[in-house]
Amino acid sequence: MNTCSCIGISTMKPCCRLLISCRNSLVFGSPIPKCNHNHLVANNLSKSQFKVDKFCQFHTFNNRILGYKRVNDLNRKAFNESDSNWVQSRVFTSGSVDKSKCFSLVANVASDIRNHSTAVEKPQVNEKGFESIYIQGGLNVKPLVIERIEIIPDVGEVSKEEVNNDRSVNVDDLKGLNGTNVSIHEREVSVVEKEAWKLLRDAVVNYCGIPVGTVAANDPGEKQPLNYDQVFVRDFVPSAIAFLLNGEGEIVRNFLLHTLQLQSWEKTVDCYSPGQGLMPASFKVKTMPLDGSDGAVEDVLDPDFGESAIGRVAPVDSGLWWIILLRAYGKLTGDYGLQERVDVQTGIRLILNLCLTDGFDMFPSLLVTDGSCMIDRRMGIHGHPLEIQVLFYSALRCSREMLIVNDVTKNLVAAINNRLSALSFHIREYYWVDMKKLNEIYRYKTEEYSTDAVNKFNIYPDQIPSWLVDWIPEEGGYLIGNLEPGHMDFRFFTLGNLWSIVSSLGTHKQNEGILNLIEAKWDDLVAHMPLKICYPALEYEEWRIITGSDPKNTPWSYHNGGSWPTLLWQFTLACIKMKRPELARKAIALAEKRLSVDHWPEYYDTHGGRFVGKQSRLFQTWTIAGFLTSKMLLENPEKASKLFWDEDYELLEICVCALSKSGRKKCSRGVTKSQIHI
């Protein structure tokens with residue numbers, strides 16, 4: 001018997017430890033040909049993906065073959081009703097499609113290209129809305145409406161011309177990870193790039209015969225891989241962008257759907273579970289023997305939500321990166337049908353619900369613990385670190401584009417708009433420092449108690465560090481690393497500043513100032529290897545107190561001032577947006593000279609980035625992917641433009657204070673309105 005199965009689950013408390021399994025066993029000693037797993041992973045039956053293997057048959061017993069249908073019908077309610085019962089349906093299609101009957105019910109904020117989606121039949125639904133089931137249900141959450149889809153073998157193929165209609169993806173390139181050659185670029189690639197592509201493909205992880213991600217590092221000489229042999233959500237993003245830019249969307253689609261199925265699977269630390277909607281930090285494909293079988297095995301996905309991580313910290317950024325990658329997939333492939341699926345729409349809403357939950361915090365920024373992002377060890381970034389705020393802002397903007405607006409989601413979209421407006425004002429006004437702002441802080445009055453206070457967070461002028469006075473240039477500035485009551489972290493964190501440019505969280509003038517600062521302080525932030533993760537490093541007593549004498553985060557190493565080549569692709573994207581590609585070319589040239597020679601390390605040590613990191617993994621996948629993505633972004637600026645955001649001036653006009661009749665809410669936007677609109 002040959003059984004391939006994907007198990008759809010409730011968003012809470014599954015009944016088994018192994019979430020998703022794919023089983024292969026022998027019949028009379030001979031294996032039955034494997035199924036095309038594309039039809040197993042909750043296929044939305046879009047025109048570009050629906051190609052049926054006539055010899056693929058599904059045998060279901062206790063475990064069903066489950067999937068979600070994408071429905072585009074103007075007569076139905078848009079993804080706001082579900083059924084807790086199993087519904088069996090049969091789906092037919094043909095090689096010729098009447099395009100006049102192809103609809104897509106989407107939000108006004110979505111791209112018009114979504115109208116190229118194909119329609120399938122209407123599902124059976126009941127009167128229970130998703131909002132009451134998922135968002136408000138708490139521990140009584142019911143499972144997603146799941147429908148069994150039988151694939152009919154006698155189905156005509158869709159022509160390649162139809163598949164490529166209004167899409168940038170090349171269907172021939174989708175075969176690249178299945179054994180056939182893929183044309184990387186039309187131009188002649190360098191030896192280093194060829195090596196990088198080979199290493200990237202060697203790092204691909206397969207689950208049930210299909211690619212679902214890339215391992216964090218693939219060093220053949222490493223005897224203790226720890227968790228570097230897992231697929232990390234944040235680490236896979238540059239790999240995904242590289243594949244998408246090269247016309248290979250299948251692996252990214254598979255990754256998005258499989259991580260979605262892992263969402264909210266309950267993991268605990270000391271009998272305590274994290275919030276509903278959490279995305280795993282990573283997952284691993286394990287091959288497990290089947291109980292009661294003779295040699296038969298199954299593939300299982302085992303996620304890590306932080307219960308195994310160093311420090312036991314749940315990943316705040318995984319869900320945010322997942323939303324950002326979902327948007328990038330649609331933008332670069334034209335397959336917007338993936339965003340419109342019921343399960344994907346619900347997944348977005350669960351993440352947003354987790355992030356937008358009201359709490360005790362007065363700030364619009366997201367309150368998180370230390371070690372919950374790329375800097376996943378104790379580095380004094382607890383509270384409201386810049387990196388999380390920028391990713392949060394980006395994910396909110398992505399969600400506003402992708403959410404289907406209806407009676408259920410309209411309040412959520414309004415909450416997104418309000419949070420975007422408040423967050424952009426907060427970061428632009430209170431996180432930005434340049435010489436002018438430092439002079440203002442230097443003359444701050446303290447202990448101000450009123451709604452008219454200038455020093456709202458009671459910052460003491462003596463907090464301005466001595467190194468900053470001589471370091472910051474006359475022209476340029478940056479967003480500080482953190483802001484809390486009575487505390488400003490003046491360190492320069494590269495990822496947050498670069499992504500603030502990409503997402504337009506900063507004003508145009510601020511974005512220019514950040515690149516001006518990087519250019520002026522090139523020897524400190526780039527030097528021999530781009531780019532410093534933060535500057536400066538914590539040293540001496542400060543290092544001992546803040547890091548707890550972390551032996552891996554010693555000064556100018558790892559997260560404490562180390563140089564990370566993976567940041568190169570985000571630097572390139574920011575430079576392209578600000579029309580400064582020469583800076584990116586200069587940085588890429590530095591990296592290209594050393595990365596291959598040094599075996600693609602995870603990070604570099606010392607102030608100038610001259611040494612390979614003392615505990616750095618070699619053949620680090622996101623180092624390889626970051627380099628390749630940077631090269632392709634420079635060659636394809638039109639595709640790069642799909643990955644960043646322009647300023648949204650409507651957000652700047654939204655103010656929650658204006659909606660309140662209470663006189664206690666006094667808005668300070670008028671004081672800085674001229675700066676915000678730059």
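The legends below describe close-up views of a predicted model.

Local features are reported where pLDDT is at least 70, side-chain atom pairs count only at pLDDT 80 or more, and totals for chains, interfaces and linings use all residues. Residues are numbered from 1 along each chain as its sequence is written, and side-chain values use heavy atoms, with hydrogens and water left out.

**Figure 1. Overview of the predicted protein, with 22 helices and 17 strands.** Helices (H or I, at least four residues) and strands (E, at least two) are DSSP runs, numbered from the N terminus. The protein has 678 residues, of which 61% count as buried; buried means under 20% relative accessible area, exposed over 50%, and partly exposed in between (1.4 Å probe, protein chains only). Among contacts with a separation of 6 or more, 74% link residues 24 or more positions apart, a contact being heavy atoms within 4.5 Å.

**Figure 2. The hairpin of strands S7 and S8.** Strand S7 (residues 204-207) runs antiparallel to S8 and is joined to it by 4 bridges; two strands pair if DSSP finds at least two bridges between them. Val205 has Gly213 of S8 as its bridge partner. The hairpin has 2 residues between the strands, and Cys208 takes a positive phi near 55°. Cys208 is also buried, at a relative accessible area of 4%. Strand S8 (residues 210-214) has 5 of its 5 residues buried, so it is largely enclosed by the rest of the structure.

**Figure 3. Strand S10 and its partners S9 and S11.** Strand S9 (residues 231-232) is antiparallel to strand S10 (residues 282-289), and 2 bridges join them. Here Phe232 lies opposite Ser282 of S10. S10 is also joined by 8 bridges to strand S11 (residues 297-304), again in an antiparallel arrangement. In this pairing Lys286 faces Val300 of S11.

**Figure 4. Packing of helices H4 and H19.** Helix H4 (residues 233-245) packs against helix H19 (residues 621-635) at an angle of about 35°, and their axes are 8 Å apart. Axes are lines fitted to C-alpha atoms, for helices over the stretch in contact, and angles run from 0 to 180 degrees between N-to-C directions. The crossing is left-handed, meaning that the near helix is turned anticlockwise from the far one by less than a right angle. Residues making the contact include Arg234, Pro238 and Leu245 of H4 and Trp622, Gly626 and Leu633 of H19. By class, the contact has 8 nonpolar, 4 polar and 2 charged residues; Ala, Val, Leu, Ile, Met, Phe, Trp, Tyr, Cys and Pro count as nonpolar, Asp, Glu, Lys and Arg as charged, and the others, Gly among them, as polar.

**Figure 5. An open sheet of 4 strands.** The strand order is S12-S13-S14-S15, with antiparallel pairing. Strands S12 (432-433) and S15 (534-535) form the edges, each pairing on one side only. Strand S14 (residues 487-493) pairs with S15 over 2 bridges, and Phe493 stands opposite Cys534 in S15.

**Figure 6. The buried cysteine Cys373.** Cys373 has a relative accessible area of 1% and is buried. The protein has a count of 0 disulfides, a disulfide being a pair of cysteine sulfur atoms within 2.5 Å.
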